[in-house]
Amino acid sequence: MTASIRGGIFTMAMLLKGAEVAKALTEGLHAKTEELKKNGVEPCLAILRVGAREDDLAYERGALKRCEKVGVAVRQVVLPEDVTQEVLMENIHALNADEKVHGVLMFRPLPKHLDDEAARAALDPKKDMDGITDGSLAAVYAGTDGSMTAVYAGTKGGYPPCTAAACVALLKHYNIPIKGKRVVVIGRSLVIGKPVSLLLLAEHATVTICHSRSENLPAICREADILVVAAGKAGMVGAESVRAGQIVLDVGIHVGADGNLCGDTRFAEVEPVVEAITPVPGGVGTVTSTILASHVVEAAERAANQ
């Protein structure tokens, strides 16, 4: 928690730190991987990366660290930035066919000369750990019945995007009510905005999706009980868009003018007003790599049962 003065009253906004959530999830995952290994199954994640984008490398470092902690093996497949479509597809098909690989994390966006849609379509949804295939997204869409069990178990074809799932996991860990609450999501991408909206709808929230072209955006944001900011624009949301009592999940991560990491909110303005907020860094992003590891373990369990 951080202390602040608002209207002459001493207040404290709760910081929803991801490390606590990740730790709780990691403890359960390690036990599962140990049980799998006793039965001759080693959960394995393949990371397929084209080139060396800094944001990809940062995510990869976090994934490697988290997978090591929970006992998930990682195979790194790194292709040059000028790789041909043919070679990329060959690698995807090889990972699909490899029974020792339970999940694949394919970094996107791909270089512009590559066919992103064809690459996504080639990946087996059952091995898609970050919800990038149409099969995975269809599973998220079909799971809006209050229970995401079938989606998380992969029985409907895939897993939800890790960052979207991390938002839900974070709310649940801190016992923040979702059912019946008004949620506003800023952002409509297939990576976060749309899938997190569907996951929260599955938890019986009333969800409104907004974006940069929404009219009266600050007024809409102030109506929310839970505000998810996934606009992909540094400092887009400030004090004008929040009110007392709100929960704010800041999904953005950027390098500010001062060289420090920042989110989609102007934290110094928003934090003194709201009830709770995720810090950047140290919030949603910290949970994301743990969700990725959990998807790999689930996929390995499914393979073992089959």
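What share of the 306 residues of the chain counts as buried? The figure is 50%, where buried means under 20% relative accessible area with a 1.4 Å probe, protein chains only. Keep in mind that this is a predicted model, in which local features need pLDDT of at least 70, side-chain atom pairs count only at pLDDT 80 or more, and totals for chains, interfaces and linings use all residues. Residues are numbered from 1 along each chain as its sequence is written, and side-chain values use heavy atoms, with hydrogens and water left out.

Let's start with the overall build. The chain folds into eleven helices and twelve strands, taken as DSSP runs (H or I, at least four residues, for helices; E, at least two, for strands) and numbered from the N terminus. Its radius of gyration is 19 Å, close to the 19 Å from the globule rule for 306 residues, so the chain is as compact as a globular protein of that length. That radius is taken over C-alpha atoms, and the rule is 2.2 Å times the number of residues to the power 0.38. Along its principal axes, the C-alpha trace spans about 60 × 45 × 35 Å.

As for contacts (heavy atoms within 4.5 Å), take those in the chain with a separation of 6 or more: 70% of them come from residues 24 or more positions apart.

Now zoom in on Ser214, which sits in the loop between strand 7 (206-210) and helix 9 (217-222). Ser214 counts as buried because its relative accessibility is 18%. A polar atom of its side chain lies 2.9 Å from the backbone nitrogen of His211.

Technical notes. Polar contact = N/O pair within 3.5 Å; in protein donor to acceptor, adjacent residues only side chain to side chain.
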